[in-house]
Structures are given as structure tokens and as C-alpha cells.
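Here is a friendly briefing to read beside the sequence and the 3D view. Please keep both open as you go.

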Amino acid sequence: MDETTVLIVWVILLPFVGAMVAFILGPRKAPIVTIITSYCIISVVAALTWQVWKYGPQRHDVGGWVAPLGIALYADGLTVLMLIMSIVVGTLVSVYALGYFTDSSISSETGKANHRSKSSFFWVLWLFLWAALNALFLSQDIFNIYITLELLTLAAVALITLEGESEAITAAIRYLLTSLVGAALFLFGVAILYANFGTLELEGLGELVQTGSLSVVAIALITMGLLLKTALFPMHFWLPPAHSNALTPVSSLLSALVIKGSFYVLLRLWFQVFPLEVTMVAGHLIGCLAAAAILWGSLAAMCQKRLKILVAYSTVAQVGYLFLLFPLAAKETHGLGAWNGAIYQTISHACAKAAMFMVVGNIIRAIGHDRIKDMKGVCQQLPVSMFAFALAGLTIMGMPPSGGFAAKWMLITTSIQSGQWWWAVILLAGGLLAAGYIFSVLKYAFIKTEIVNVPLRPVPRCMEWAPLILSLLALLIGFTPMPLDLLRIGNPFPDAVTMEVVK
Amino acid sequence: MNLESYFPLLVLLTSLLTGISIFFLDEKRSALRILLNISGSAAMFAFVIFMLWGVFHGHNYETRWSLLPGINIALRADSMAILFATLSAFLWLITSIYAIGYLEITPHRNRFFGFFSLSVSATMGIALANNLFTFFIFYEILTLTTYPLVVHQGTEKALRAGRIYIMYTFCGGAVLLIGIVWLYTLTGPFDFVEGGALRRFGEERRVALVVIFFLMILGVGVKSALVPLHGWLPTAMIAPAPVSALLHAVAVVKAGAFGIVRIVYDVYGIRFAEELNVLGPLAVLASVTIIYGSCRALYQVNLKRLLAFSTISQVSYIALGVAIVGPLATTGGLVHLIHQGIMKITLFFCAGNLSKTLHIHDINQMNGVAWRMPLTMTAFTITSLGMIGVPPLAGFVTKWYLGIGAVQANQQWVIAVLAVSSLLNAIYFLPIIYVSWFKKYEENQPEEHISGKLETRWTLLLPPLITAFLSLAAGLLAASNLSPLGWAKLIVRREYLP
């Protein structure tokens, strides 16, 4: 076994080991363990990125067992980008959580003990979730994908329940049940595929799967399952309560990373395994749901009276943008533009949405609630947080200069190129609606109040700067084509017409 | 690496860094803030003048980097860009001085001056943008950075104005984006070319190109307040006077007008646009706006609202000049970019002085006010006469060139529009001049106490005097090479020759 491929295994093992060590060492040491683990993951992923960059997609059969028996891991440009995305968001969420879980204002002993146990479980579960996520991104066979998806869900559900209030528990259980239904559908589809084609490995499946009534059923089941987990309209009902009732760092992780996991699986299957004839028709169906998600999510966000649930509904809308990829890429020649656009959207949304939830967390920390209309005079005293919110809002609205704008530019270009201009209209309408709800919050930064100094609880500095860095990153993605170069490695559109050729 | 390729970026960064460093200042350190502001704007003015000199002698300043494959951010100082950039840089300097005086001891000055600098950056980006993509990026940034200025006062009214402003401009931006993306999918990415970039591309897509033209004009038309897209502008008057001055003379409205100029000349090319028959409707739209704005101005009681409607009318002279084919009309339109800027900013400065010093907001309060504030009202009088088009002031030069340009292009009806508009301008400006000079001053308004001999703070007085003097000079010295007219002629030579 040569060392080039061993790296891949470590990407998964490290957070697992970290989680166990953190659990054993207890609540006091857990944050340090997490930070050390993040450092290790960063260096391993950096090395892996370099390998992919230099030598193209990497593949590794764990323990030397070849498929169909063994477990295959695979990393191409997309995988590496997703790994980097989870590192960036994860590390900054960890930094944020450092401040979040050191609340000096809790006085009672039971309160402190309660807080400490929450904190220790958070670190362990978060590392566990990270491991599941990395494993998901690297899996190359459909059964492992199922397992990692389940691990991801379990970790996420456990994290939501940390909050402890009955609302959070209800939301978590609803999320769990929905996810289980999704998983069952997915597994059923996988079983059909395996029964018919005798392999679970993605590459092999891609060659074997043909259009037929059974494979259509399998594809429909798998897709339904994943749409449930990714919360595409109208299967989004579980998302707003789950994301808005969790602890702030958890909300950030859920909205930024967890839903991207199931979306990633869908991407892999859809463009590498499923035959084109099926995806063409189904792609347009998904497109309609995506359009509804964008419009409904944004409108619902506009009507919210509490900030955190507003941000959660914004996620429902933003998920819609991701799924516009499917109708746009249905015409093979224009696939690459849509593909790039959707991945850009995935990454920049991850950074921006995590930042937004953090800012909401800061406001709750400072004044104890998140009722939008009572936020007068608060924003002036949290300028860094508000600035972070505004910058993240740029990406969410798709305003230049930001990653969200780059994504939108590519998606609109593709939709006009492929003659499907109505998606462009949906994209722009979504941006305008997003402006509606973002500015309905931002205006409080400018509103004049008689109360000059609202008494605030102090917000630790790391909690203010982590969202700012994230939102700046979401902005900076829009300034460089670097991710695109990485994304080209192993993309499923080898013969696609790229922009340069047009030029 | 040659330094010249960094110059446009450097100009942008000057105000960007000024803005960002102001955000990090302590609110109380006003001396340092003033120093930063003035030195930043002075440095930018110096850079722009340097580039002006270079462009005159044929140097090429271009910054470019890739955002997406094939899609570049390109900033280039061509003669057209320099025209707008000089105006912006100069008026930023002047308005900074004014704003320092105007906003003395008010809250949130960091926020104000920070966003003020940022919006100047965005304006510079619009001026220097060398392709539609870059133009669009800065066009949207301008919206975002001017929003905090519009809602600066934080009252319910200001927030409402901000909401309307955002709604109009974002919708305009979305339409513009569709137009640009559509055009790019037909032609591939391209840069602005003097004489028109689209000449090189096929003629077979005529219908699409016409539709795209109007989409883009609609998009920029929102900011340049073409009727019926002007609704945001009068409500945005709620902003402090320096903001109104900036919005009307340099940044927002002018950015829209400049967009029209770029689209017609450097994207389509005047000849190609003429072939496509798109200029006729544009000319009609501009004329309607000119007349409509003036008519609405007649009925205004509030001085700033009157000036707002006057802006709607005056800015469309630029669009009108652009829409008439022929070097003379083009010259008239381009030179009005400058002339309207310096004249309108003077008027807003004066209105600001009246409201700041004497708390006068309405015209019926202005009886005899000229004897209380002679210098301010002299500046006001000169520039409003200029607006009417009295020779030898700047506004006359514009109207003269537009008029003979229309005759040259065989479109005599434009003369009628100009005549009616001048008449209407006279009807709403002359009474103001009359009551302020010839009625008796009533000293019952509460005055702000100003120490010293001057009628108001010198920081409020100096800027309008300078700009009023310039609008006089721009008319008197129009024949000189260095006047706005001289530069507009240079641009026209470069646009029509190729």
C-alpha cells in the first residue's frame, strides 16, 4: 500500500479518533482535542488536495480488498472542495463554539453543570459528525453512502437535542423520523439496483445501469429519499424547526454542511450513475420543485417575526438554487456551467449561512431573544456582527461581488444558453425576494432609537470575528476562479463546451 | 510589471481603503477622520489628474484579472472613463469638505463617511469599467453602498425612502443582468470598444440585439431616473444634503446616465445602434422625461424636491444627446455629464446651507433670504441661470450643442423640446431668484448660531462658491482644450473616427 492513498483513510479516521479521545478526556479537554484534530485534518486534506491537483482523481480500496467485497474510497476535485468546505466552516464553528460554551454569566451550580455537559457532548458529537461527513464525501459505493448518511443524520439529531427544550426535542424527533423515511426509501432503491445489476460500486453501476422500469423505480426511490433529507420543497417541513431550535453552532453546522451531504450524494448518483434518458425528464420535475422552494422559502422568510427562523427559511430557499442544476444540466452540452454554478452556490452558501446563524446567536446572547421588531438599538452595539450579517447577506442575495453572485452568473448564463430562460427569471426573482428579507433585518442597523445604550450581555470576541471571517470568505470566493480549476478534475462533463471555447 | 497597469486599481483602492479605515476609527476622533477623508480624496484627485494627462498623451492604463473562466474584471482609463472619473474625484473632494461641515456633531459620522468613501469607489469602478460585467458589478455595489447614506437619519421616513430606493434599483439591476448575460451568450465576453464592440459580431441576431438593448437601457434607466422609472428619486430626498448632492450630481443618477452612454457608444456603437433603429425610441423617452420632470418641478413647494424633479429632467439631456446621431449632439450630451454635475451639486449645496443655517426648506420661506446669505444665493442664482441655459453659463453650451446637433441630424423636433424645457426651467427657477432677492427678509425663523463674520460655516460656503465659479468658467472658457467641452470633443473624435 503506497502512502499516496493512505491519506484518504486518515481524512475519515482522524475525526473518529478525535471524537473518542475527546469523549475519554472529558469536557475540559474536549475543545483542545477538537482544535488539534482540526489541525491534523487540515494538513491531511491539504496533502490530498495537492495529490488530486497534481495526479488527478485518487482511488483507494481499503485494506486492499477490491470491489465488490471491499470498501472503495475516491477523491476528485469535487470531493476535495467539499472536504475543504467542511474544514473551513467546521474550524470556524469550533472557534465560535469556544466562546459559545464559556458563558461566565451562568451563576447557579446546576446551570453550570448542565452547560458543561452540553459542551462536552457538543464537541464529541461534532467530531463524530465531521467523520461521517468526510466518509460520505469519500465513499465510492452506494451502500457505504447509505451508512454514512445514517451516521450523519444520527449525529445531527443528537446535536439538535442538546438544546434540551421540548421544542428542540420535538423538532429533532421530527427530523429523525423524516430522515428515517428518506433512508428507507434510499435503501429500497439501492436494494433494487443491487438485485438487478449485482454491484454497489458507483463506477461499475454507472456502466451497467440501463433504462428500464425497475431502474426507473429505483432511481425515483433514491432521489425521493435524498430530497427528503436535503429538504427540497415541499419536503422541507422539518427543516425550519430543526435548524432554528438547535444551539447556534449546531444550527450553523446543520444548514451549512449536513444538508449538503445528501445533496452531494444526489450529485454523484445523478451525474455518474443514472442514465441520461431518465434524468432529463426527472430533472425538469425537480426544477419545478426547486423554483417553488426558492419562491416559497423566500416569501416565508419575509413573513417571520423571529430572526433565527427567518434564516432557517432562507436555507429552504437557497436549497432551491442548488437543485436548479438538474434541469439546467439535462442538456449535456451546457452541463459544466450549471455544475460549476451549483457547486459555487453550495460552498458560498455554506460559509454565508453559517455566518448568519452565528450572528443570530450573538444577538440572542446579547439581548436574550431574537424578535426582529425588538432589535432596535442592538445592532449599533454589535457592529462587527451586523457587518458580517450584511456581507453574508450579499452572498444570499447573489449580489456582486460574492460567491453567490458568481454562482448565479453561471446558472443564469447556462439557463439562457440552453434556452431555458424561465429558470433565469426564477433565479433573479429569488435574489430580489432575498433582498426583501435581508434588508428587513439590515434596516435595524440604521434605525434611530431613543434608547442609546441597551444593556447587553457581553459577546466574546471570537464569536464576533468567526462569522465575519466566514462571510468574507463567502465574498472572496467570488474573486477567484481557483475552485473551478480544482472542480475540473474528474468532472462528469468531459466533452462539455466550456466558456473558453465559446470565447 | 509596469506601474501603469495598476493605476486604475490604485484609484479604486484609495477611496476603498479610506472608507474601510474610517469604519475602524473611534467615533470621537473627528480630526483624524477629517484628515483621512481629505487626504484620501485629494490623493484620488491627484491620481485621476495624472491619468487624465496620460490619456491625453495616448497612454493606456488598464487593470484586469479573471473572475470566472473567460470573464474578466477590467478597469481601463479611456477618454470616456476619464471624463466621468475626473468629475467624481473632484466632486468627492468638494463634497467631503461640505459634508464635514454639514454633519458636524451629529451621530454615526464614521458610518456616514465610511459608506461615502465606498460609494465613491463604486462610482470610480463604474467610470473605469471596461466591460459590461465589470460595469454591472460596480453598478450593484453602488446601490449597496448608497443605501446606508439614504437611510442615514434612521427615521421611519428615511427607512421607507431606502426601501423604495432598494426596490427600484435592485429590479433595475436584475433586468440589466438579464440583458448582459443574454448578450454574453450571443457574443461571448467582450470589452468596450470606442466606436462599438458589436460591429464585429453578426448582424443576424437583430431582434435579440434590439430586445437586449432595451433591457439594458431599462436596467440603467432606473438609476438615471428615466420616466416612468424615476419614482425612487424624489423620495430619496430625505437623505442629508451632501448625500443628495452626491446622488444627483455624481454617483447614482450619473452612473445610470453614464451606463446609457457606454451601452450606446462602446457596446453597440452609434452607427450600429442607428441601423437597429433603437435610438429613436430612446430620444423620445428622454424628451418625455425632460418635459415631465420640469412640469412636476413647477408644482413643488419643497426646495429639495423641486431640485430632484429638476434632476430627472436635466439628466435626460445626456440621454437625449446620446440618442441623436451626430458628433455635435454627442458632444452636447457628454459635456452635460460634467455641466449638470457641477451645477446641480451647487444647487444642492445651497439648499443644504439654507436648511442648515436658517432651517428653510420650502420656497415660500425664502423671501429676501439672499440678503441674509448673499454668497450662497449668488452661487444659487448663477447656477440656476445656468440650468435655464442663459449664455455664457455651462448649461447654455450644452443646449447649444444639442440644438445644432439636432439640426445636423435633421431632427428639428428636438429644438422644440429644448425650448419648452428651457421655458419650464425658467418658470420654476426665476420665481425663487425673484423672491430671494427682491422680497423683504422676515427674521422670524429660528437661526442656527454661527460665530464669525461669514453667513455660515466656511466649510459650507466654500464648496458651492467653487462649483458655481466652475460652472461659470466651463461656459466662458468652453473653447479651451482643457474645458469639459474640449474633452468631450476629444471623446467624440475617438468615437466617430473608427
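This is a predicted model: local features need pLDDT of at least 70, side-chain atom pairs count only at pLDDT 80 or more; totals for chains, interfaces and linings use all residues.

Residues are numbered from 1 along each chain as its sequence is written, chains are lettered from A and ligands numbered from 1 in the order in which they are written, and side-chain values use heavy atoms, with hydrogens and water left out.

**Chain A overall**

- Chain A comprises 20 helices and 2 strands, where helices (H or I, at least four residues) and strands (E, at least two) are DSSP runs numbered from the N terminus.
- Chain A is as compact as a globular protein of its 503 residues, because its radius of gyration of 22 Å is close to the 23 Å of the globule rule (taken over C-alpha atoms; the rule is 2.2 Å times the number of residues to the power 0.38).
- Along the principal axes, its C-alpha atoms fill a box of roughly 65 × 55 × 40 Å.
- In chain A, 63% of the 503 residues count as buried (under 20% relative accessible area, with exposed over 50% and partly exposed in between; 1.4 Å probe, protein chains only).
- Of the contacts in chain A between residues at least 6 apart in sequence, 82% join residues at least 24 apart; a contact means heavy atoms within 4.5 Å.
- Carbon and sulfur atoms hold 69% of the accessible surface of chain A, which comes to about 18,000 Å² (Shrake-Rupley method, 1.4 Å probe; for residues, only the protein chains shown count as cover).

**Chain B overall**

- Chain B also has 20 helices and 2 strands.
- For its 498 residues a compact globule would have a radius of gyration near 23 Å, and the 21 Å of chain B agrees with that.
- The box filled by its C-alpha atoms is roughly 70 × 55 × 45 Å along the principal axes.
- Buried residues make up 66% of chain B.
- Chain B exposes about 16,700 Å², with 68% supplied by carbon and sulfur atoms.

- B:Asp78 sits in the loop between β2 (71-76) and α3 (79-102), and its 5% relative accessibility makes it buried.
- The side chain of B:Asp78 reaches the backbone nitrogen of B:Ala81 at 2.9 Å.
- Beyond its neighbours within four places in sequence, B:Asp78 is in contact with B:Val55, B:Glu194, B:Arg262 and B:Asp266.
- B:Ser313 belongs to helix α13 (residues 303-323) and is buried at 0% relative accessibility.
- A polar atom of the B:Ser313 side chain lies 3.1 Å from the backbone oxygen of B:Ile290.
- Not counting residues up to four places away in sequence, B:Ser313 touches several residues, including B:Thr289, B:Gly293 and B:Ser421.

- B:Ala208 is part of helix α7 (residues 206-223) and is buried, with a relative accessible area of 14%.
- Leaving aside neighbours within four places in sequence, B:Ala208 makes contact with B:Trp182 and B:Leu186.
- B:Leu198 lies in the loop between α6 (156-187) and α7, and at 2% relative accessibility it counts as buried.
- Outside four places in sequence, the contacts of B:Leu198 include B:Leu183, B:Leu209, B:Val267 and B:Phe272.

Notes
A polar contact is a pair of N or O atoms within 3.5 Å; within protein, one must be able to donate a hydrogen and the other to accept it, and residues adjacent in sequence count only if both atoms are side-chain atoms.
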